[in-house]
Amino acid sequence: MGSSIKSIVIGNGVTTIGAYAFYDCTKLTSVTIPDSVTGIGKYAFYKCKHIKDVWYAGSEEDFNSMIIEKNNNSLTNANWHFGSCAI
């Protein structure tokens, strides 16, 4: 499921990305997250090993206060772009 998704844009106003939301999206390379997101549930991006870039509308300080639960290493290890959105 979700294996053909390459890019995800989370809508403005979303506050939480739920557990297992994008689990096993193996072709996912880019994620855009609005600054309204304050939490990411466990395994939300688990097995998404090809994520290269995360475009985050908030600051690095906002990112550091975000609650990111376990097994989201693919997301947290990606190249984060703060204060910006994907083109």
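The following legends describe close-up views of a predicted model.

**View 1. Strand β3 and the burial of its two faces.** Strand β3 spans residues 30-33, and both of its faces are covered. S30 and T32 lie on one side, V31 and I33 lie on the other, and all four residues are buried. In a regular strand, side chains alternate between the two faces of the sheet.

**View 2. Pairing of strand β3 with strands β1 and β5.** Strand β1, residues 7-9, pairs with β3 in the parallel sense over three bridges. Within this pairing, S7 has S30 of β3 as its bridge partner. Strand β5, residues 53-56, also runs parallel to β3, and four bridges join the two strands. Here the bridge partner of V31 is V54 in β5.

**View 3. Aromatic pairs, with the edge-to-face pair of Y43 and Y46.** The structure contains 10 aromatic pairs. In the pair formed by Y43 and Y46, the ring centres are 5.0 Å apart and the planes stand at 80°, so the arrangement is edge-to-face. Y43 is buried, with a relative accessible area of 19%, whereas Y46 is partly exposed, at 31%.

**View 4. The stacked pair of W80 and F82.** The ring centres of W80 and F82 are 6.1 Å apart and their planes lie at 25°, so this pair is stacked. W80 counts as buried, at 11% relative accessibility. F82, in contrast, counts as partly exposed, with a relative accessibility of 29%. A pair of aromatic rings is described by the distance of the centres and the angle of the planes.

View 5. A disulfide is a covalent bond between the sulfur atoms of two cysteines. A search of the whole structure finds zero disulfides. The cysteine sulfur closest to that of C25 belongs to C48, and the distance of 5.0 Å is too far for a bond. The cut-off applied to a pair of cysteine sulfur atoms is within 2.5 Å. For C48, likewise, the nearest cysteine sulfur is that of C25, 5.0 Å away, and C48 is in no disulfide. C25 is buried, with a relative accessible area of 3%. C48 also counts as buried, at 0% relative accessibility.

Terms used. Residues numbered from 1 in each chain as written. Predicted model: local features only at pLDDT ≥ 70, side-chain atom pairs only at ≥ 80, totals over all residues. Heavy atoms only, no water. Buried < 20%, exposed > 50% of the residue type's maximum accessible area, 1.4 Å probe, protein only. Pairing = 2+ DSSP bridges. Phe/Tyr/Trp six-rings, centres within 6.5 Å; stacked < 30°, edge-to-face > 60°.
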